[in-house]
Amino acid sequence: MTQLINIPAQLKKTDLTHLLKQMWQIRFFEEKVDEFFAKGMIHGTTHLAVGQEASAVGSIAVLQERDKITSTHRGHGHCIAKGAEVNRMMAELFGRTTGYCKGKGGSMHIADVDKGNLGANGIVGGGFAIATGAALTSQMKNEGYVVLCFFGDGASNEGSFHEALNLASIWKLPVVFVCENNQYGMSGPAKEMMNVEDVAKRAVAYGVPGKVVDGNDVFDVMNGVGEAVERARNGEGPSIIEAKTYRWKGHSKSDAKKYRTREEEQEWRAKDPIARLRDALIGEGLLTEESAAEIKAAAKKEIEDSVEFSKASPMPTIEDLMEDIYA
Amino acid sequence: MRELTYLEAVREAMSQEMRRNEDVFILGEDIGVYGGAFGVTRGMIEEFGPERIRNTPISEAAISGTAVGAALTGMRPILELQFSDFMTIAMDNMVNQAAKIRYMYGGKGKVPMVLRTPAGSGTGAAAQHSQSLEAWMAHVPGLKVVQPSTAYDAKGLLKAAIDEDNPVIFYEHKLCYKTTSDVPEELYSIPLGKADVKREGSDVTIVATAIMVHKALEAAAKLEEQGISVEVIDPRTLVPLDTETIIESVKKTGRLVVVHEAVKRGGFGGEIASTIAESEAFDYLDAPIMRLGGKAVPIPYNPELEKSAIPGVDDIVAAVKETLNRH
Ligand SMILES: Cc1ncc(C[n+]2csc(CCOP(=O)(O)OP(=O)(O)O)c2C)c(N)n1
């Protein structure tokens, strides 16, 4: 039995199916990546956010196109939700020239600066001050955009979190810090790595609002982040929104998950954000089983196609090695 | 004798030291049940418990500074930094605190700590997880810098580093972790500042560090088939540097090729080359000194590009031949 969620009355049907489609795209993208890693067809390292789709999709759903995000090492979902083409994302993981980083960045560094995705980051906590700086530009140039800074519970223990929040707060910058609290920083349980239950409580120290939302309920995420974004856009400064969620997979490919129980994993699987959204839509009569299946199949096909696209794309050549070091 | 991997040798040195000396403890991210990002501390928490195998939050600034403080007051901490790239976040504590304290205090106090960290490319982890930054640390008076290339050396050098009353940066190359060599069961020490002649030869001296030692030996074997006799020297520690062994070798062979994975520009190879140029060995040189190092480019994700960013066996072979053709 999946847990039920409530659908806000003001959302249009098209918005709703869009949310569902994006969440499925993310899920299928990551499962495909997982499969290819296991087969040795993708190299390097990758961090999957299977189970966390609602926080990425819900947060970005309330943004306008001109708004910006900074992402993390677990950033495929943020990237897709911000409108990235899955073809170019998959090609990046295959190390091809058609990838977002021309095959030079890989999973941890995908960015699409033109579309407001200021980049995933291999450095935990690397995005806090960058997001703050992007918000400073918005304020100084009066550009009116808001920046969403995604981060994990573990990252909130880095000094950069505290320093960036303090700065954003005193300067009232239009930035929203969205914590995806998936309960662990690699193997470190959040409850052992900080002495407050909620990352959102840390907001008090910086004189900004902090709110906890159900990170597996896409609508609860939209409400929480939506309020914070409005506040930021009105010049009232930053907030912290903490989405409680869970990553189903290991931290990265070589993780025996000895630090948590299989029971706990099962408990969270029952809160699958995608099943909850689909069931709610069908329950309210906004979607039929058939059209849900169609959306799902279309998302799956896009991912399959992205694999074909990637395989057909060229590898970079040695001449490309020294390109793009300087602007 | 038994064979151990480099990774096991590092672990064994720490375990044996910890059994011997209550003051030694390890702190770092995910070093408990997870066993560390690369598995170096696997199983240690079972023997030594969480007091001495201290899992930390993700906060390199705090944990490096904590290690400095603990060292200054009588403990002998070993800090595991997950990737050497994250030195940037621990930098203030290592460079402005650990390295300076004894001198600034007029010879009062000491900071006996070891910062162990995996460096280097070859795993597809891309630009923020693949750097070789040892020259940074070697530049700072007050720090010692170790770079073992074999399991045997790793165990003996780590023991010496733990016994040191000064801060030591201990670079472990990721691709060395799985290499094996004969390692004695008992605890033994290899003094810092003592180079090792990994292979004797008479035509050319190669000074190589970390993973490049293995590549240099491969190159030497190939060159031997062509009648060229190569001596391979591994300094093992950059600070202190055993200039004597290198000078003696160059006096014998009359030719020097220096090779490291770190970017050539501003790299430690320049230091070795100028040391020889300034020494009595200069008069014995039959050809200009050659330096091989990484290209001045961030490490790319694509595996072929990644390989081409750093010296390979063929590059070393070519460099040796080139120096033989110069007079
Ligand atoms: C500065 C830095 N320290 C450590 C790491 C290694 N590392 C990568 S992800 C991670 C865990 C991050 O936890 P959290 O912020 O909670 O995000 P999650 O992985 O749970 O999404 C760690 C320790 C890193 N990449 N950067």
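The radius of gyration is taken over C-alpha atoms, and the globule rule is 2.2 Å times the number of residues to the power 0.38. With that in hand, let's explore this predicted model.

**Exercise 1.** Find out how the radius of gyration of chain A stands against the value for a compact globule.

*Solution.* Start with the chain length, 327 residues. For that length, the rule puts a compact globule near 20 Å. Chain A has 19 Å, which agrees. As a further view, its C-alpha atoms fill a box of roughly 55 × 50 × 40 Å along the principal axes.

**Exercise 2.** Describe the make-up of chain A: its helices and strands, its buried share and its contacts.

*Solution.* First, the chain holds 11 helices and 7 strands. Next, 58% of its 327 residues count as buried, where buried means under 20% relative accessible area. Finally, take the contacts with a separation of 6 or more: 75% of them join residues 24 or more positions apart.

**Exercise 3.** Work out which residues have the most contacts inside the largest nonpolar core, and follow Phe219(A) to the residues it touches.

*Solution.* The largest nonpolar core has 69 residues, and Leu148(A), Val176(A), Phe219(A) and Leu277(A) have the most contacts inside it. Helix 1 of chain A, residues 13-38, gives the most to this core, with 11 residues. Now turn to Phe219(A): leaving out residues up to four places away in sequence, it touches Ile5(A), Asn6(A), Ile7(A), Pro8(A), Leu11(A), Leu16(A), Leu19(A) and Leu277(A).

**Exercise 4.** Compare the counts of positive and negative side chains in chain A.

*Solution.* Count 39 positive and 46 negative side chains. Then locate the centres of the two sets, which lie 1 Å apart.

Conventions: Residues numbered from 1 in each chain as written. Chains lettered and ligands numbered in written order. Predicted model: local features only at pLDDT ≥ 70, side-chain atom pairs only at ≥ 80, totals over all residues. Heavy atoms only, no water. Helix = DSSP H or I, 4+ residues; strand = E, 2+ residues; numbered from the N terminus. Buried < 20%, exposed > 50% of the residue type's maximum accessible area, 1.4 Å probe, protein only. Contact = heavy atoms within 4.5 Å. Lys, Arg positive; Asp, Glu negative; His and termini not counted. Charge placed at Lys NZ, Arg CZ, Asp CG, Glu CD. Core = buried A, V, L, I, M, F, W, Y, C linked by side-chain atoms within 4.5 Å.
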